[in-house]
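Subject: Handing over the structure

Dear colleague,

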Amino acid sequence: CQLAVTATAQSRRGLLWRWAVAGLLVATLAWAGIVYFGKRTHGATASDPYAYAQMGVDLAETGTFLHRYTLFQEVIPLEIAWAPLQPVGYHIPRNDLGDCPSVWATGASVLLAAGYGLMGETGLYVTTPIVAILAMLATWALVQETLRGQSRAVRYLTGALAVTLLATSPEHVDRLLVPMADATAQLFTVLTLLFTLRGMRQLEEGRLGLLSFIIAGISFAWAYWTRHTQLVLALPALLAVVLGSQAGSDRSTGRRIAALVLPLVAFSVAALVAVVPDIIYRWHVFDGIFATETTELPLMGLKHIGPVTVQMLRDSLASGEWGYLFPLAIFGGYTYARKQHRQALVLGSAFAAVLLVHLTYHSLRLRDLLSLFPLVDLAVAYGAVTLVLRLRTFVSNRTTRAESRVRLGAAFLAVAAIACVILSLSMSRWAMIDNLWKPGWASFGYMRAGNRAAFDRLAELTESDAIIG
């Protein structure tokens, strides 16, 4: 009879966490679908969104990332200064026809071109939200891989909570409503880490994991193509291969060498092949494979690390991001590192490398670190789930061994701690709920439907070759 009661209780607990995961994921995806697609921009302004969108359109229509500004054809013979005519987000012309390259990397615009080719201008504006949804799915898969040695309840609850935190991040939402590269960099960064960790696990199991490392190499190339600073993701990939190849004391020297060399070759060759279009573009347009599109290299230096770090801490600890969740992130990261130190070392090296190279940039904004958000959300979610499970175990042990007053105190402590976890999670994202009925808005490059209608009306009233200053 006692056995039957225990089995029934365990079954009910199993159903509870499964329903909690399903409900959280359904609510998150429904909310994200309404906000991401219902509030998306209806045009592109400013420098970054306009340039990314324009490159996407040009690639789809003309097969090149360069945009032809025909006004330069009239100005060049006049031998006057070009600076007042230089388009925002673009370099000066590369020829007498007025063909100008953008100052931004081109990887994200390849996806925008695909969206534009499939759905026209609407596709141009829904591509980034689609990429953000894919990044959420990739984050779920990354959580399952990083927590593979733990129970299904821990994996699924952590994954659902991490996806929810990522989907409702104010900075994340703000940057995906317009054509930007941040969500794309995030997606391919997560995919790089996912398949790198999967390959490392396969090496530990005695397999080479070549397919995993090939996919990791392709994802790494796309991350670099989208944002060149992601080149430092080569460090965690190398570390994963080294750690995986050294696992297992019964391997011969030849097998160890093969487990080290072959995955590195697979990763490197796949990355080089995938990045060939970017190399050709920069070689042709900027006269060198090591030349970059950016004009902001003078803004990078080690002297900026200190003040930029302070600013990023201030921005990331804002109440709407991780201010209320910072203790959970620390606890989750520490607990994970103690339980799975190899995986934690790979993820930690990726986080530290990407963060450090960005902290050298004087004008760094929190959006530039969007590729690291899934790792922080993973730490927060794992910290919350682990803390609740430990408190549950603590109360269960006290209940069977202690007196009534001790049981009452333990139960009160557990309830208070769990309430703090729930309150912290709720307060960090509470302000995002009303985005369902608020008008669409983003802080950079956004255009509402009414604004777009006004521009369309202006175009109808203006001659096609007019110049508006």
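Two helices, α4 (107–119) and α5, each supply at least two residues of the lining of the largest cavity, where helices are DSSP runs of H or I with at least four residues, numbered from the N terminus. This is a predicted model, in which local features need pLDDT of at least 70 and side-chain atom pairs count only at pLDDT 80 or more, while totals for chains, interfaces and linings use all residues. Residues are numbered from 1 along each chain as its sequence is written, and side-chain values use heavy atoms, with hydrogens and water left out.

The largest cavity has a volume of about 40 Å³, and its lining consists of Ala-108, Leu-111, Leu-112, Thr-127, Thr-128, Val-131, Met-180 and Thr-184. On a 1 Å grid over the protein atoms alone, a cavity is a set of points where a 1.4 Å probe fits but cannot get out, whereas a pocket is an open set with protein on both sides within 12 Å along at least five of seven lines, and lining residues have an atom within 4 Å of a point.

The largest pocket holds about 1,500 Å³ of space. Its lining is made by 36 residues, of which Tyr-50, Gln-54, Tyr-69, Phe-455 and Ile-468 lie nearest the centre. The elements that give two or more residues to this lining are α2 (48–62), α3 (71–75), α5 (121–146) and α18 (449–461), and α18 gives the most, with 5 residues.

Turning to salt bridges, the whole structure contains 17 of them, each being a side-chain nitrogen of Lys or Arg within 4 Å of a carboxyl oxygen of Asp or Glu. One of them joins Glu-121 and Arg-452, at 2.5 Å from N to O, and this pair links distant parts of the chain, since Glu-121 is in helix α5 and Arg-452 in helix α18, 331 residues apart. Arg-452 also meets Asp-456 in a salt bridge, at 3.0 Å from N to O, and these two residues, 4 apart in helix α18, are separated by about one helical turn.

A further salt bridge is formed by Asp-182 and Arg-367, whose closest N and O atoms are 3.6 Å apart. Asp-182 is buried at 0% relative accessibility, and Arg-367 is buried at 12%, where buried means under 20% relative accessible area, exposed over 50% and partly exposed in between, with a 1.4 Å probe and protein chains only.

With best regards

Notes:
Points joined across faces, edges and corners; volume = space filled by probe spheres on them.
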